[in-house]
There are 2 protein chains.
Amino acid sequence: MSILTVGTVAFDSIETPYGKADRIVGGAATYISWAASYFVDDIKLCSVIGDDFPEHELEELRARGVSTEGLQVKKGEKSFFWAGKYHDDMNGRDTLATELNVLADFDPVLPESYKDAEYVMLGNLTPEVQMKVIKQMNKRPKLVVLDTMNFWMDVALDSLLKVIAEVDVLTINDEEARQLSGEHSLVKAARKIRAMGPDYLVIKKGEHGALLFHGENIFFAPALPLEEVFDPTGAGDTFAGGFIGHLAKTDDLSFENMKRAVVYGSMMASCTVEKFGIEKLKNLSTTELDKRMEQFANLTAFDAGVKF
Amino acid sequence: MSILTVGTVAFDSIETPYGKADRIVGGAATYISWAASYFVDDIKLCSVIGDDFPEHELEELRARGVSTEGLQVKKGEKSFFWAGKYHDDMNGRDTLATELNVLADFDPVLPESYKDAEYVMLGNLTPEVQMKVIKQMNKRPKLVVLDTMNFWMDVALDSLLKVIAEVDVLTINDEEARQLSGEHSLVKAARKIRAMGPDYLVIKKGEHGALLFHGENIFFAPALPLEEVFDPTGAGDTFAGGFIGHLAKTDDLSFENMKRAVVYGSMMASCTVEKFGIEKLKNLSTTELDKRMEQFANLTAFDAGVKF
């Protein structure tokens, strides 16, 4: 199956306790596309860049089956740029700079070849842009997944709620789930948020794993305890790419397969954070991926034994 | 198998966003004994109380198979008292009062009937008292588990390190593991801490579950997402009681069974926090426990599917 994704393609300057990386390639749609490319080879990228973006990075994406037909290149303009510094414990970060550049007036236009994609991944971006993408599809996709963040809850809640009402899966972190629902208990938060539209809610908890809520079912996928987390940037986007990648590859929307997709997403994210930017995500072998998936399976497997 | 436990038997005044409870029965050894009593009926309690402690509470414990022969009752003195208030998010708490009372000069003396216990649970208490208990055993128990906290790392690190060197399992929370090891990565922290003595390390992460480290193996048990957490007091002690309770019941120290013990501990803790103090822990049915254990198993169970 094919995946359409919209999101940023950008430059990031990142500082973590382990080092600095200046103006490296990043952006939600970049991470999503790279992660999903390990599952399917028909990915349609919708985004906007300036003419400062390295052509070879786009060639690498195309070589992985990512179409850039819907990637607008603005002559004489600059790509979106974000700079941030992570705290010592890596759980928080300060934004040092946000230069919207080409993103300021981004108007997504889907090429005809994009409009029948079965799986749609709306990466973190203004809700208006996400909605415009949904509206251009020829028919309702099999699955629409939405990623967003607290910033849009603060500045564009009405538009965000409209998009949330249109999607099948929403992925946000625990603090965002609490903000969106006004509930501290994630069980209660999930119930309220699913009532806003999405059948499935994924709550990402970073180093503490991810929860999947659907009906009365709850599934928990752990994060893999790592020797070092070098750079958490893009972990959520990588999760999204692995999640929808597995679903598009298997074309199976059962709860059992959704659970598996959450683990695949967590597994891909655990790879990304071990190096800066997309460096590790670009260079994964199937042997490494299979081995890591086995680590995830072993991490929580136990045999419950006898009853009380 | 029999379990010897040492720890506080005390009064707590607790305030959470859900309400207040004044001078209710608490203490590490109380929670440990109640939790373990669902697994075995031969528990030896070593602690100290004043003559203000309600006799019927002790009778209830004895009816569950808990010996109070090693529980010292100090005439004219008062039991240990702790008062605390939890923050709105329940993840932090402020201590409002700590009255050591009988605990100030507690000198644990084990009755002869305690000295051959196969399983020993050293509840959170001064490391000196924990060490005195170990030294009085007739022979090396099959398993010694130590629970402690950051307070002892701050004020009695040398004594604490001596006890840590004597035990098989150490249970602490993630911040304590970081403090004790000086490592932020829990994988690295676990390696350093296990080099201090314990073959097994359990890192408790509260609402984010618990990790078990042994050799190169890591196991993760989630916490059950709950509608409400009314009172987190005693969750760690309940975990310890369920953990050693399962091990003593099965008398099996394989890694597979240790994993199961971590889940049983988490499961018991998930019950405790749903009501104030030991109220829920006193009134669990085997049906309820079996059902909750099934919820834990379902929470993380998935079938990994095909390889990449």
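Modeller: The cut-offs are 20 or more other C-beta atoms within 10 Å for buried, 12 or fewer for exposed, and partly exposed in between, with C-beta atoms placed from the backbone. Bear in mind that this is a predicted model, where local features need pLDDT of at least 70 and side-chain atom pairs count only at pLDDT 80 or more, while totals for chains, interfaces and linings use all residues. Residues are numbered from 1 along each chain as its sequence is written, and chains are lettered from A and ligands numbered from 1 in the order in which they are written.

Biologist: Where does Asn91(A) lie?

Modeller: In the loop between strand E6 (80-86) and strand E7 (93-99) of chain A. Helices (H or I, at least four residues) and strands (E, at least two) are DSSP runs, numbered from the N terminus.

Biologist: OK, strands next. What does E10(A) pair with?

Modeller: E10(A) pairs in the parallel sense with strand E9 (residues 143-147) of chain A over three bridges, and with strand E11 (residues 200-204) of chain A, also parallel, over five bridges. To count as a pair, two strands need at least two DSSP bridges between them. Asp147(A) has Thr171(A) as its bridge partner in E10(A), and Leu170(A) has Leu201(A) in E11(A).

Biologist: How many residues of E10(A) are buried?

Modeller: Four of its five, so to speak mostly covered.

Biologist: Which residues of H7(A) are buried?

Modeller: Leu186(A), Ala189(A), Ala190(A) and Ile193(A). They cover an arc of only 100° around the axis, which puts them on the same side of H7(A); the arc is that of the directions from the helix axis to the C-beta atoms. These buried residues of H7(A) pack against E10, helix H6 (174-181), E11 and strand E12 (210-214) of chain A.

Biologist: What about the core, which residues have the most contacts inside it?

Modeller: In the largest nonpolar core, with 197 residues, those are Val145(A) and Val145(B). A core here is a set of buried Ala, Val, Leu, Ile, Met, Phe, Trp, Tyr and Cys residues joined through C-beta atoms within 7 Å. Leaving out residues up to four places away in sequence, Val145(A) touches residues including Val120(A), Leu122(A), Val167(A) and Phe243(A). Two residues are in contact if their C-beta atoms, placed from the backbone, lie within 7 Å.

Biologist: Last topic, the contact between the chains. How many residues does each chain put in?

Modeller: 35 residues come from chain B and 35 residues from chain A. On the side of chain B that touches chain A, H10(B) gives the most, with seven residues.
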